[in-house]
Amino acid sequence: MADRSLRGMRLGASSLQSEEGVVFVERTNHTYVCTQCERETVLTFAADAEVPEAWECRTCGSEALRRIGDTIAVVDHSGDKAARTHWDMLMERRTIPELEELLEERLALLRSRRGENSGKLSA
């Protein structure tokens with residue numbers, strides 16, 4: 001029986017697909033220069049793709065700007081919104097005196113609970 005056993009392929013060992021008849025799209029390379037570490041990164045995009053002016057540096061995570069010939073692209077950040085923090089949103093709803101009053105109320109509540117619990121523990 002061992003002589004007549006069927007042999008098969010290992011799962012995932014190789015693909016049965018071929019690249020026959022596949023037409024690859026034209027590609028172009030674009031160079032980005034980091035504003036912090038000055039490292040150059042070359043990225044490949046489709047020729048008809050809209051290429052971004054800025055990219056995240058793979059080394060330090062800062063902004064890298066696209067090199068166009070001998071010049072580097074300028075990115076306008078004037079329209080960017082600053083991220084709102086929880087504190088910013090809180091300050092839109094409350095004033096400092098209101099927050100101080102709420103803090104005193106909560107501290108009084110915690111102090112009263114602590115006084116009740118300490119009395120129960122000693123009894």
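Ile 68 is located in strand S4, where strands are DSSP runs of E with at least two residues, numbered from the N terminus, as are helices (H or I, at least four residues). The model is a predicted one, in which local features need pLDDT of at least 70 and side-chain atom pairs count only at pLDDT 80 or more, whereas totals for chains, interfaces and linings use all residues. Residues are numbered from 1 along each chain as its sequence is written, and side-chain values use heavy atoms, with hydrogens and water left out.

With a relative accessible area of 42%, Ile 68 is partly exposed; this class lies between buried (under 20%) and exposed (over 50%), as computed with a 1.4 Å probe on protein chains only. Neighbours within four places in sequence aside, Ile 68 is in contact with Glu 53 and Ala 73, contact meaning heavy atoms within 4.5 Å. The C-alpha atoms of Ile 68 and Tyr 32 are 9.1 Å apart in space, and the two residues are 36 residues apart in sequence.

Strand S4 (residues 63-68) also holds Arg 66. Arg 66 counts as buried because its relative accessibility is 14%. Its side chain makes a polar contact of 2.9 Å with the side chain of Glu 53. A polar contact is a pair of N or O atoms within 3.5 Å; within protein, one must be able to donate a hydrogen and the other to accept it, and residues adjacent in sequence count only if both atoms are side-chain atoms. Not counting residues up to four places away in sequence, Arg 66 touches several residues, among them His 30, Tyr 32, Glu 53 and Ala 73.

Tyr 32 leads on to the aromatic residues. The structure holds two aromatic pairs. Rings of Phe, Tyr and Trp (its six-membered ring) pair if their centres lie within 6.5 Å; planes under 30 degrees apart count as stacked, over 60 as edge-to-face and the rest as tilted. The pair of Tyr 32 and Trp 55 is tilted, because the ring planes stand at 40°, with the centres 6.1 Å apart. This pair links strand S1 (residues 27-34), which holds Tyr 32, to strand S3 (residues 54-56), which holds Trp 55, across 23 residues. Tyr 32 is buried at 1% relative accessibility, while Trp 55 is partly exposed at 35%.

The rings of Phe 45 and Trp 55 have centres 5.7 Å apart and planes at 80°, so this pair is edge-to-face. Because Phe 45 lies in strand S2 (residues 40-46) and Trp 55 in strand S3, the pair ties together parts ten residues apart in sequence. Phe 45 counts as buried, at 14% relative accessibility. Through these ring pairs, Tyr 32, Phe 45 and Trp 55 are linked into a cluster.
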